[in-house]
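This report looks at charged side-chain contacts first, and then turns to one strand and its neighbours.

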Amino acid sequence: MPSNGRARVLVITGPGKGKTTAATGMILRSLSYGKKVLLTRFTKARHSGELDILEKLPGLTILQGEYGMTPPRTHVDYPKHVEAAQNLFRRTQEMVNDFEVVVMDEICGVTARDMVSEEAVAAFVKGLDEDKTAILTGRGAGTKLLAVADTVSEIFSLKHGYMRGITAQKGVEF
C-alpha cells in the first residue's frame, strides 16, 4: 500500500511501441493477486489479440471506446470522438469504486488532444483512495498527469517497422 496516503499512480507515455503492452503485463500481475481490475480503452475500437485472453479472465472488466484513432480536429466526426471519450471517462469515474486497479489506456493522448480535460483526469487519480492503483498510458502525457504520478516510464522508439513500410502484424501490434 502506498505510504503517501493516496492511490498509486503510474504513467506510461512516449512515442514508442509498448505502452499498452506494459499496462497489460500489470493487469495480469494484478489479477494474479486476486485484485479486481477495470480496463478502459480510449481510442481503441479495433479488436486486438490480447482481448481474446483478457476477456476470459475473472476479475477484469473492460470498457471499450466506440471509435478508433482520433481524426484531426477539423474532421466532421471529431466532436463524436470527443463526446465518446468524455462518456468513457465519466463511466470510469462512476465504476472505479468497485475496483482496486484502474487502467486508462490511451488517456494521455486523449488529454493531449483536449478531448478530456487533463486537469479532470489528474484530479480524479489524485483523489483515489490509497487502496487503488491507477495506470495511465498514451503518447504526450502532460505536466499535470506527470505531476500526480508516482512512477513515469517513457517508451522511446529507436526504430519502428512502420517507418519502413511494415504494416501492423497480428500478435505484435494488434
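Across the whole structure, a search finds five salt bridges (a side-chain nitrogen of Lys or Arg within 4 Å of a carboxyl oxygen of Asp or Glu). This is a predicted model, in which local features need pLDDT of at least 70 and side-chain atom pairs count only at pLDDT 80 or more, while totals for chains, interfaces and linings use all residues. Residues are numbered from 1 along each chain as its sequence is written, and side-chain values use heavy atoms, with hydrogens and water left out.

| Pair | N to O distance |
|---|---|
| Arginine 73 and aspartate 114 | 3.7 Å |
| Lysine 80 and aspartate 77 | 3.6 Å |
| Glutamate 119 and lysine 144 | 3.4 Å |

Strand β4 (residues 101-105) is mostly covered, five of its five residues being buried, where buried means under 20% relative accessible area, exposed over 50% and partly exposed in between (1.4 Å probe, protein chains only). Val101, Val103 and Asp105 point one way from β4, and Val102 and Met104 the other way. Strand β2 (residues 37-41) pairs with β4 in the parallel sense over five bridges, pairing requiring that DSSP finds at least two bridges between two strands, and leucine 39 stands opposite valine 103. β4 also pairs with β5 in the parallel sense, over four bridges, with valine 102 opposite alanine 134 in β5.

Note on methods. Helices (H or I, at least four residues) and strands (E, at least two) are DSSP runs, numbered from the N terminus.
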